[in-house]
Amino acid sequence: MTVAAEPLAERPAWKTLAAHFQKIERLHLRELFGADARRGERLAIEAAGIYLDYSKNRVTDETMILLLQLAQQSGLRARIDAMFSGEKINASEKRAVLHVALRTPKDRSILVDGENVVPPVHAVLDRMSDFSNRVRGGVWRGHTGKQIRNVINIGIGGSDLGPVMAYEALKHYSDRAMTFRFISNVDGTDFVEATCDLDPAETLFIISSKTFTTLETMTNAKSARNWSLAGFGADEKSIARHFVAVSTNAQEVAKFGIDTANMFGFWDWVGGRYSMDSAIGLSTMLGIGPNNFHAMLGGFHEMDEHFRTTPFERNLPVLMGLLAIWYNNFFGAQTVAVLPYEQYLKRFPAYLQQLTMESNGKRVTLEGQPVGYDTGPIFWGEPGTNGQHSFYQLIHQGTRLIPCDFIGFHKTLNQLGEQHDMLVANIFAQGEALAFGKTADEVKTEGSPDWLVPHRVFEGNRPSNTILLEQLTPAALGKLVALYEHSVFTQGTIWGIDSFDQWGVELGKVLAQRIIPELTSENEPKFGHDSSTNALIRRYREFREKSS
């Protein structure tokens, strides 16, 4: 276990940054660019096929030097080495953190408790590839001999957000003869709408649950079992041809009726929100094929190696993480907008919400002490140009500072005349408008009457990163996801928190299990909640009884 750095507020770079912030807090990007004609070229780096322009951030060269010093003083290098070497850096659960092993080439070695975990990873990948080829090729057929044409992934959290984001992102590469759907919500509507037009004889369910006991997932899995059996005259033998499991609990999988030969496992050192490139990605592989899936893993690994080996001043995830710290902890920015100008990435902001907020939404340090400063900001966003006609108003002229990440691609997957040029023009225009705005004098020069001038002024000085890649390929998606994974890691290391546990999801789930029988019991039980919760339960019971 790596030794924790001294408390954040006591690190020299943190103190110096606080003083430095007071000096440059009101420095405008117009001044920064005016004083340095090459700033836009100088504050940009390219690595692993990603170009990051961070010049439109409210930083000076001194700011960046101090942020890099903070990374060093926070033990970031040692923490990176500890993760990649399999140390148990998830302190509260005493686990290694090795999503990087999921995309490590088979000739490498990563040890956990003396065991090289890379061969088992590739054994599962090989089984996934074989299964995917059989389903996609029509060799694996349903109970009646029909070819599988519909795949439904049932999971929640990381077992859903990763697969659905990846499917949508890589839909261009998917087998369009097959239908892919995803069920996560315990609301029955989610299940009904996903299955209403499908034939059970052509439908394969993937039940994704590490423990095979997750309430929402197993509730939906039971509904799926009943729906499927109804299509086969309750023939239990049909389950083996229409259900597979992504789990580690062979006993529960077998009890459900799934052949454990069709169970794809993963490990306790894989966190749910970091699992899309494990067996949790089985639906992704079925959609895009094993070759494309392996290309995605290659993209992940390329960014992993960049993060692991590159000096911090040229390290993409480190720089993005440090800039996030700068705005969160010094400017008091509470949110980050992620704005992909690529329709296929429409679910990417939602995916990042879990990755960032479940990882760094923590109020105590690794040692269990209150942090005393803000941690994980709120992540949100929509694809451009849709967002420009809704929430960009607040980003441009509102009272809140919202750092933005613009994500774009040089080449489109769907060329329609000049539409891609228009899309890219909007990326560049929005970054420019946020940075430099429009002064009152500029508005008056355009002929606006004096009374209208205040309404048309853009303050500017709104920071953004611009992230450019060549094209949205499976490898590019892997690089993008890993970029944000390691940025999250950088932030968590500096804050001194455990980015890899998620105890915050437990309490509500425990209370829900207690409330369920109180809602459904024949006789009203004795409630032991607060007056509000007790009244809500009674109200629901009354309406339930009236409608029964």
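Biologist: Before we start, what does contact mean here?

Modeller: Contact is a matter of distance between heavy atoms. Please keep in mind that we are looking at a predicted model.

Biologist: Thanks! Which residues is Thr144 in contact with, leaving aside its neighbours within four places in sequence?

Modeller: Thr144 sits in the loop between helix 6 (118-136) and strand 5. Once its neighbours within four places in sequence are set aside, the contacts of Thr144 are Ala201 and Phe232.

Biologist: And how many Å apart in space are Thr144 and Leu170, C-alpha to C-alpha?

Modeller: Along the sequence, 26 residues separate Thr144 and Leu170. In space, their C-alpha atoms are apart by 31 Å.

Biologist: Let's step back to the whole chain. What is its radius of gyration?

Modeller: The protein chain holds 22 helices and 13 strands, and its C-alpha atoms fill a box of roughly 75 × 60 × 55 Å along the principal axes. A compact globule with 548 residues would have a radius of gyration near 24 Å. The value for this chain agrees with that: 25 Å.

Biologist: Which residues have the most contacts inside the largest nonpolar core?

Modeller: In soluble globular proteins, nonpolar side chains tend to be buried together. Here, 53% of the 548 residues count as buried, and the largest nonpolar core has 121 residues. Tyr484 is in contact with Phe348 and Ile467, among others. Those with the most contacts inside this core are Trp269, Trp326, Phe348, Ile467, Leu477 and Tyr484.

Biologist: How many residues are in the second, separate core?

Modeller: This second core is separate, and Phe191, Ile207, Trp227 and Phe256 are included in it. Its residue count is 21.

Biologist: Phe191 is in helix 8, I see. Within what arc do the buried residues of helix 8 fall?

Modeller: The buried residues of helix 8 (residues 188-195) are Phe191, Ala194 and Thr195. Seen down the helix axis, they line one face, because they fall within an arc of 85°.

Biologist: What covers that buried set in helix 8?

Modeller: The cover comes from strands as well as a helix. It includes strand 5 (150-154), strand 6 (179-183), strand 7 (203-208) and helix 9 (215-230).

Biologist: Now for the aromatic rings. Is the pair of Tyr274 and Phe500 tilted or edge-to-face?

Modeller: A search of the whole structure finds 25 aromatic pairs. In this one the ring centres are 5.5 Å apart and the planes stand at 50°. Planes over 60 degrees apart would count as edge-to-face and under 30 as stacked, so this pair is tilted.

Biologist: How many residues apart are Tyr274 and Phe500?

Modeller: Tyr274 is in the loop between strand 9 (263-264) and helix 12 (282-288), while Phe500 is in the loop between helix 20 (474-495) and helix 21 (506-520). Tyr274 counts as buried at 2% relative accessibility, and Phe500 counts as buried at 7%. The pair links distant parts of the chain, with a separation in residues of 226.

Biologist: What is the angle between the planes of Trp380 and Phe391?

Modeller: Trp380 and Phe391 form an edge-to-face pair, 4.7 Å centre to centre. The angle between their planes is 70°.

Biologist: One last thing: which residue lies over the face of Trp140?

Modeller: The distance from the ring centre of Trp140 is 4.0 Å. The residue lying over that face is Arg241.

Note on methods: Residues are numbered from 1 along each chain as its sequence is written. This is a predicted model: local features need pLDDT of at least 70, side-chain atom pairs count only at pLDDT 80 or more; totals for chains, interfaces and linings use all residues. Side-chain values use heavy atoms; hydrogens and water are left out. Buried means under 20% relative accessible area, exposed over 50%, partly exposed in between (1.4 Å probe, protein chains only). Helices (H or I, at least four residues) and strands (E, at least two) are DSSP runs, numbered from the N terminus. The arc is that of the directions from the helix axis to the C-beta atoms. Contact means heavy atoms within 4.5 Å. Rings of Phe, Tyr and Trp (its six-membered ring) pair if their centres lie within 6.5 Å; planes under 30 degrees apart count as stacked, over 60 as edge-to-face and the rest as tilted. A charge sits over a ring if NZ of Lys or CZ of Arg is within 6 Å of the ring centre and within 35 degrees of the ring normal. A nonpolar core is a set of buried Ala, Val, Leu, Ile, Met, Phe, Trp, Tyr and Cys residues joined through side-chain atoms within 4.5 Å. The radius of gyration is taken over C-alpha atoms; the globule rule is 2.2 Å times the number of residues to the power 0.38.
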